[in-house]
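The stops below are in the order in which to select them.

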Amino acid sequence: MSEEVFALVRVADEDLEEAESALSRKKFRYACYFAQQAVEKYLKAYLLFRKNEYPFVHSIAFLIRECSEFDKDFERLFEMGAHRLGKYYTMTRYMPLVELSEENAREAIQVAREVRDFVLKKLKLGERGTDE
């Protein structure tokens, strides 16, 4: 597997850590944003693995559909609600800013964790994002 795939997984893991840190500081908007960013990068890591490139888009629904072209199991991410995190890309940063709750943040982080586990299994990577 290419070093770029590992690097993208590492950056996604950092985004997930930032989401968890923001939640602990009650910065719910940032927690949702970084959870969205983590999911986006995990999906892009899979696409990079499968076709040596990924689209420069921010739509999680689009990325799920792209991944599904290689593995239909990715459609399960719609059932998990991963596509709903896509709204946090803009609504957390641009006017009108939307107030988000602790529940929103916890749900977003939980989905991001589930996507992480799902993608790492597809990449055959261990819990730490390595092939050990």
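Predicted model: local features only at pLDDT ≥ 70, side-chain atom pairs only at ≥ 80, totals over all residues.

Residues are numbered from 1 along each chain as its sequence is written, and side-chain values use heavy atoms, with hydrogens and water left out.

**Stop 1: helix H2**

Select residues 28-51, which form helix H2. Helices here are DSSP runs of H or I with at least four residues, strands are runs of E with at least two, and both are numbered from the N terminus. H2 has 24 residues and spans 35 Å from its first C-alpha to its last, close to the 34 Å expected at 1.5 Å a residue; the expected span is 1.5 Å times one less than the number of residues. Is H2 mostly covered or mostly open? It is mostly covered, with 18 of the 24 residues of H2 buried. Buried means under 20% relative accessible area, exposed means over 50%, and partly exposed lies in between (1.4 Å probe, protein chains only).

**Stop 2**

Two packed helices are described by the angle between their axes and the distance between the axes. Axes are lines fitted to C-alpha atoms, for helices over the stretch in contact, and angles run from 0 to 180 degrees between N-to-C directions. Angles under 35 degrees count as roughly parallel, over 145 as roughly antiparallel, 65 to 115 as roughly perpendicular and the rest as oblique.

H2 passes H6 in a left-handed crossing. A crossing is left-handed if the near helix is turned anticlockwise from the far one by less than a right angle, and right-handed if clockwise. To see the contact (heavy atoms within 4.5 Å), show side chains. On the H2 side they include Phe-28, Ala-35, Tyr-42 and Phe-49; on the H6 side they include Ala-105, Ile-109, Val-115 and Leu-123. By class, the contact of H2 with H6 has 17 nonpolar, one polar and three charged residues. Ala, Val, Leu, Ile, Met, Phe, Trp, Tyr, Cys and Pro count as nonpolar, Asp, Glu, Lys and Arg as charged, and the others, Gly among them, as polar.

**Stop 3: bring in H1**

Now select residues 3-24, helix H1. H1 and H2 pack at about 165°, with their axes 8 Å apart. That makes H1 roughly antiparallel to H2. Their crossing is left-handed, and the contact of H1 with H2 has 19 nonpolar, one polar and six charged residues.

Turn next to H1 and H6, whose axes come within 10 Å and cross at roughly 160°. H1 and H6 are therefore roughly antiparallel to each other. This crossing, too, is left-handed. Residues to show in the contact include Val-9, Asp-13 and Leu-16 of H1 and Arg-106, Ile-109 and Arg-113 of H6. The residues of the contact of H1 with H6 divide into 10 nonpolar, no polar and six charged.

**Stop 4: the loops at either end of H2**

Most residues other than glycine have a negative phi. Lys-26, in the loop between H1 and H2, has a positive phi near 65°. At 56% relative accessibility, Lys-26 counts as exposed. After H2 comes Asn-52, in the loop between H2 and helix H3 (60-68). Asn-52 has a positive phi of about 60° although it is not a glycine, and at 65% relative accessibility Asn-52 counts as exposed.

**Stop 5: H3**

Select residues 60-68, helix H3. Seven of the nine residues of H3 are buried, so H3 is largely enclosed by the rest of the structure. Among the buried residues are Ile-60, Leu-63, Glu-66 and Cys-67. The buried residues of H3 pack against H2 and H4.

**Stop 6: two single residues**

Select Lys-41 in H2. At 16% relative accessibility, Lys-41 counts as buried. What does Lys-41 touch, not counting residues up to four places away in sequence? Lys-41 touches Leu-8, Val-11, Ala-12 and Asp-15.

Finish at Ala-82, in the loop between helix H4 (76-80) and helix H5 (88-91). At 0% relative accessibility, Ala-82 counts as buried. Leaving aside neighbours within four places in sequence, Ala-82 is in contact with Ile-60, Ile-64, Leu-77, Val-111 and Val-115.
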